[in-house]
Amino acid sequence: VSLIKVLAKRSGNLWDLDKVTEVIKKANWGNRRKNNASYAYRDWCRWKGFDYTYTNYKERDQPLPYIPSEKELDQLIASCNSYYASFLQMMKETAFRPGEVQLITINDIDFERGVVTLNKPLKNSRPRQAKLSDKLLAMIKRVASGKATLDHIWDRSYNTMHRTYYTKRKQLT
């Protein structure tokens with residue numbers, strides 16, 4: 001729907017097939033986005049009762065992402081305060097997503113066995129458990145001291161956590 005709105009705004013008339021095709025072709029979008037706009041317009045045309053033959057744009061291969069070494073990750077974690085360091089260490093050791101780590105409560109951590117249970121996974125994942133190091137358990141105890149058992153250990157917003165991480169990473173580079 002949002003792509004149809006954009007096409008209507010840019011072309012001025014969704015009923016003019018050539019004009020909409022030209023708008024998609026000249027848009028400052030990647031080829032994947034152009035394909036998605038073409039598919040959305042095709043579906044809109046079907047809904048309105050006429051045919052639209054779209055151009056399939058070749059999608060470029062994405063470069064492989066940069067994956068930092070473990071040494072670089074440890075340097076990043078060490079440069080943060082205890083709150084963010086424990087958050088990053090939890091993600092490193094457990095491979096949980098940032099949103100999943102934020103949902104962890106004190107009840108989800110078994111300090112005796114050194115295990116964290118993820119009961120609220122994201123993106124249709126399954127609940128799972130992970131073993132924690134003694135170092136991380138000590139970090140979590142420091143951050144979680146004084147919180148109730150049902151409180152989230154890391155209670156700042158996702159955007160705040162992301163901004164701080166991005167800023168710290170940029171400072172270190």
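Colleague: What should I know about the numbering and the model?

Modeller: Residues are numbered from 1 along each chain as its sequence is written. The model is predicted: local features need pLDDT of at least 70, side-chain atom pairs count only at pLDDT 80 or more, totals for chains, interfaces and linings use all residues, and side-chain values use heavy atoms, with hydrogens and water left out.

Colleague: Why is Thr 105 called buried?

Modeller: Buried means under 20% relative accessible area, exposed over 50%, and partly exposed in between, with a 1.4 Å probe and protein chains only. Thr 105 has 8% relative accessibility, so Thr 105 counts as buried.

Colleague: Where does Thr 105 lie?

Modeller: In the loop between α6 (98-102) and β1 (109-110). Helices (H or I, at least four residues) and strands (E, at least two) are DSSP runs, numbered from the N terminus.

Colleague: Which residues does Thr 105 touch?

Modeller: Contact means heavy atoms within 4.5 Å. Leaving out residues up to four places away in sequence, Thr 105 touches Thr 149, Leu 150, Asp 151, His 152 and Ile 153.

Colleague: What makes β1 and β2 a pair?

Modeller: Two strands pair if DSSP finds at least two bridges between them. β1 and β2 have 2 bridges, in the antiparallel sense.

Colleague: What makes β1 and β3 edge strands?

Modeller: The 3 strands form an open antiparallel sheet in the order β1-β2-β3. β1 and β3 (128-131) each pair on one side only, and they are the edge strands.

Colleague: Which residues are buried in helix α2?

Modeller: In α2 (residues 17-26), Val 20, Val 23 and Ile 24 are buried.

Colleague: Why are they placed on the same side of α2?

Modeller: The arc is that of the directions from the helix axis to the C-beta atoms. They cover only 95 degrees around the axis, so they sit on the same side of α2. On the other side, Asp 18, Lys 25 and Lys 26 are exposed. The cover over the buried residues of α2 includes α1 (2-11) and α3 (31-48).
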